[in-house]
Every structure is written in C-alpha cells, then in structure tokens.
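Reader: I am new to this structure and would like to talk about its charged side chains. Could you show it to me first?
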Amino acid sequence: MAAIVRKQALKTLDSFRAITAPNSRSLSDLVSAHTSKWMQDTSKKSPMELINEVPPIKVEGRIVACEGDTNPALGHPIEFICLDLKEPAVCKYCGLRFVQNHHHHH
C-alpha cells in the first residue's frame, strides 16, 4: 500500500517541477512583453509629464535654491537657479519650474 502512495507522490512532484521551473527564455519573453505593453500604455503619464503639470513656482527674489523635496533624503543636490529671464527657469535635477514674482508698482 505504501509503495503505491510513494509512486503517486513522485509523479506529482515531477509535474510540479515542470510548472515551477520554466526555462529562462520564456521568462525574459514575459518580461519584455510586459515592458512593451507598459511602453504602449499611453494612459500612464511619464514622470516628465507629471512634473510639467506642476505650475511654475512663484519666488520672491532673483535666485531660488531647489533641493527637489523638503526632505533631503528624497531630494537632490542643491541647485541655485537664477530667475532673471522672463520664462520659467527649470531645475536640471527634478524639472520643477520657478518664476520670479514681479511686483508691479503703479
């Protein structure tokens, strides 16, 4: 009786091994298929599109120091940006835009 059970268990193990160990080629095909699907999905916004939805930040003064985030662990090296130009200045690290808040005195 025990011999029959053992034989059955070995058979199950063989089919299980076949399922859990796909050849590596099929796995890489799966990953690249997933990647191309993600690339084609136009509903997902790129990080650049998301940052462009942040309106330019109005700043008092000619120079802004951008660190990307108020938490230094999440930010980037400090970047000093001069705001003398009319169009918004873009931080080279994080893409945030800054514009000088010109006060118009009448």
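Reader: Is Lys-92 buried or exposed?
Author: Lys-92 counts as exposed, at 63% relative accessibility. Buried means under 20% relative accessible area, exposed over 50%, and partly exposed in between, with a 1.4 Å probe and protein chains only.

Reader: What does the side chain of Lys-92 meet?
Author: The side chain of Lys-92 meets that of Glu-79 in a salt bridge, at 3.9 Å from N to O. Glu-79 lies in strand β3 and Lys-92 in the loop between β4 and β5 (97–100), so this pair ties together parts that are 13 residues apart in sequence. Strands are DSSP runs (E, at least two residues), numbered from the N terminus. Glu-79 counts as buried, at 16% relative accessibility.

Reader: What counts as a salt bridge?
Author: A side-chain nitrogen of Lys or Arg must be within 4 Å of a carboxyl oxygen of Asp or Glu.

Reader: How many are there in the whole structure?
Author: The search finds 3 salt bridges. One of them joins Asp-84 and Arg-62, at 2.8 Å. Asp-84 lies in the loop between β3 (79–82) and β4 (89–90), and Arg-62 in the loop between β1 (57–59) and β2 (63–66), so parts 22 residues apart in sequence are tied together.

Reader: Which residue does Lys-45 pair with?
Author: Lys-45 forms a salt bridge with Glu-53, at 2.7 Å from N to O. Lys-45 is partly exposed at 45% relative accessibility, and Glu-53 is partly exposed at 49%.

Reader: On another topic, where do these values come from?
Author: This is a predicted model, in which local features need pLDDT of at least 70 and side-chain atom pairs count only at pLDDT 80 or more, while totals for chains, interfaces and linings use all residues. Residues are numbered from 1 along each chain as its sequence is written, and side-chain values use heavy atoms, with hydrogens and water left out.

Key. Helix = DSSP H or I, 4+ residues; strand = E, 2+ residues; numbered from the N terminus.
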